[in-house]
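Here is a short report on one protein chain. Keep the sequence and the 3D view side by side as you read.

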Amino acid sequence: MLDDFFVRAMIAGIGVACFAGPVGCFIVWRRLAYFGETIAHSSLLGVAMAIILDFNLVVGIFASASVVVTVLFFLDRRGGLPTDTILGLLAHGGLALGLVVLAFIPGMRLNLQTILFGDILAVTRFDLLQVWLGGVVALAVLLWLWQPLLVSTVSEDLARVESLRPDRAKFLFGILVAAIIAVAIKIVGVLLIVALLVIPAATARRFATTPEIMAVGATGVGVSSVIVGLFSSLQFDTPSGPSIVVAAITLFVITRLIALVLLRKKKYE
């Protein structure tokens, strides 16, 4: 018989996997892993602001992450600096500024390990509501953006010709990633959320024949990683968030080995 906290952790993790998988596909296709890392790192500033202003942590993280996305979008369009340089400045600047602000809060006793690596076993019923409501909204927005994002991934010029407004889609996708990171921070933390976005999508990519199949496959890999990671954490008494990511990496390695075996077998037939 599983304890209630473990069941809540399982439901929350599956919820995150369900919307992180499809969104992660676009992160992989558009090579935006460092973009996601930048938003995740800078979200620590949102944690600090939420504590100072005494409002919901998810709202604080989403607000700060949205500001970072807006600044990045503005600087990228101006073309003054390379995109990777801008990402580096925002990622490390936001992380450092967040830590400094937290140090100035009187009597601050924040467990940074929880913020950096998550604490999925401490998920409450209210957290579950936030995860699943946020997930439904995220998937609805992604469905609305699916066509312009997909076409602009292939060719931004083609997307403009078809009046799909790729710049708007790119900006809204950034805000969507910010929302997902805000909702999922408590599950796997600042340092591991991007792994949960990228690894399942990268795993599914090898066997997918269409974008839609890859999105479904990434969701399946993410859900499997959550289940395997949590049970292995329970069995071996390891940190839950990192265990989920290790499970995802293990699935990635296994599928790559299977793909290599199938490729070699096909070669010699």
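## A loop residue with positive phi

Asp 237 sits in the loop between helix H10 (211–236) and helix H11 (240–268). Helices here are DSSP runs of H or I with at least four residues, strands are runs of E with at least two, and both are numbered from the N terminus. The phi angle of Asp 237 is positive, near 55°, although the residue is not a glycine. Asp 237 is exposed, because its relative accessible area is 71%. (Buried means under 20% relative accessible area, exposed means over 50%, and partly exposed lies in between, with a 1.4 Å probe and protein chains only.)

Arg 165 also has a positive phi, about 50°, and is not a glycine. Arg 165 belongs to the loop between helix H7 (156–161) and helix H8 (166–188).

## How the model is read

This is a predicted model, in which local features need pLDDT of at least 70, side-chain atom pairs count only at pLDDT 80 or more, and totals for chains, interfaces and linings use all residues. Residues are numbered from 1 along each chain as its sequence is written, and side-chain values use heavy atoms, leaving out hydrogens and water.

## The chain as a whole

The chain has 11 helices and zero strands. Its C-alpha atoms fill a box of roughly 70 × 55 × 30 Å along the principal axes.

Of the 269 residues, 45% count as buried. Consider the contacts in the chain with a separation of 6 or more: residues 24 or more positions apart account for 78% of them. A contact means heavy atoms within 4.5 Å.

## A buried serine

Ser 43 lies in helix H2 (residues 33–53). Is Ser 43 buried or exposed? Ser 43 is buried, because its relative accessible area is 0%. Leaving aside residues up to four places away in sequence, Ser 43 touches Ile 61, Ser 64, Ile 185 and Val 190.

## Surface

The accessible surface of the chain comes to about 13,800 Å². Carbon and sulfur atoms hold 68% of that surface. Accessible areas come from the Shrake-Rupley method with a 1.4 Å probe; for residues, only the protein chains shown count as cover.
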